[in-house]
Amino acid sequence: MLEKLRELVQGAKRVAIVTHKRADADALACAKVLELVLTRLGLEVAGVFCPEGSPIRGCDEEVPLGVDLYVLADVASMSQIPPICGRCIRVDHHVAGDDLPGIVAERPSCTEVALELAEEVGVEIPPDVAKLAVLGIYTDTGRLRRADAKTFRLLAQLLEKTGGVLGDLTGSEEGVREEPAVLALLKGMQRVEFYKSQIGLICTSHVSAYEADLATLLVSAGCRIAIVASRKDDGIHIVFRSRGVDVATLAKSIGAGGGHREAAVSVISERLPKSQLPDFLRSLVKRLFQNATPLV
């Protein structure tokens, strides 16, 4: 992968690393490791940039102009970032997404792809980045549910650098949610509609925020597939979560986007009032799952 990265950045001197909007721990950890890698390769890194910020902080929101190259970290589709004029490559782990030049490896987390590059270039991961990397891997693997042997080897190496234990570094993820998140999830649960299908129970809902959290909650409650819609400035965001079903292909089939096999997002450039989202979701289920029947 390192040789391919060298080819992709050839001719660039100053680069900016950009994550998807509202960067989660995996996106930010991937970006921070890539910053070390690109610096070791002799590039001037303008910084790590998270459009619309990040709950974890540690990055700038405004994506800069005047760089030779944008390196997109954990970005499956250009719909996940603001419009950028300039040369772009991506380092990603999603099985479906836009056809952009870059390094895409099918791993449970994007952090693992960046760490492999760091190992190849021989860069040392400092404790603060190692701690973030542990959190990124832990959250994006569904609290290690999607982790494989390679994931656990990387976690062991990172924990040696931090000198801590897994529970200490991921404790915040197990804590009590803040009130706005709790209210959003409760409202979303009130709006859930259920469908019986050949592949199992399909659940839909809509919220204004925390759509990924709601979709994950629905799957943990027993839904085989969860589909949660929200209205954003660039259209309707559709978040998919599943247990063992390829939702990345589904997301790609209905709009701009992509993702993992069991976690994906699609953006549909359509303006709808909130009152029409239930009908929109019903028509979407009918389109994607012709055999699905609603459960009252």
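Are Cys50 and Cys59 buried or exposed? Both Cys50 and Cys59 are buried. Here buried means under 20% relative accessible area, exposed over 50%, and partly exposed in between, with a 1.4 Å probe and protein chains only.

## Basis of the model

This is a predicted model: local features need pLDDT of at least 70, side-chain atom pairs count only at pLDDT 80 or more, and totals for chains, interfaces and linings use all residues. Residues are numbered from 1 along each chain as its sequence is written, and side-chain values use heavy atoms, with hydrogens and water left out.

## Disulfides

The whole structure holds two disulfides. A disulfide is a pair of cysteine sulfur atoms within 2.5 Å. Cys50 and Cys59 form one of them, with sulfur atoms 2.2 Å apart. The torsion about their S-S bond is about -125°, so this disulfide is left-handed.

Cys203 and Cys223 form a disulfide too, with 2.0 Å between the sulfur atoms. Their link is left-handed, with -90° about the S-S bond. Cys203 sits in strand β7 (residues 200-206), and Cys223 in the loop between α8 (211-220) and β8 (225-232), so the pair ties together parts 20 residues apart in sequence. Helices (H or I, at least four residues) and strands (E, at least two) are DSSP runs, numbered from the N terminus. Cys203 counts as buried at 0% relative accessibility. Cys223 is buried as well, with a relative accessible area of 4%.

With the bonded cysteines of the chain numbered in sequence order, the pairing reads 1-2, 3-4.

## Other cysteines

Cys88 has a relative accessible area of 12%, so it is buried. Cys110 also counts as buried, at 0% relative accessibility.

## Strand β1 and its partners

Strand β1 covers residues 14-19. Five of its six residues are buried. Strand β2 (residues 44-49) runs parallel to β1, and four bridges join the two. Two strands pair if DSSP finds at least two bridges between them. Arg14 has Glu44 in β2 as its bridge partner. From β1 the chain passes through helix α2 (residues 25-40) to β2, in a right-handed β-α-β crossover. Right-handed means that, with the strands pointing away from the viewer, the path from the first strand over the helix to the second runs clockwise.

Strand β3 (residues 69-73) also pairs with β1 in the parallel sense, over five bridges. In β3, Leu69 is the bridge partner of Val15.
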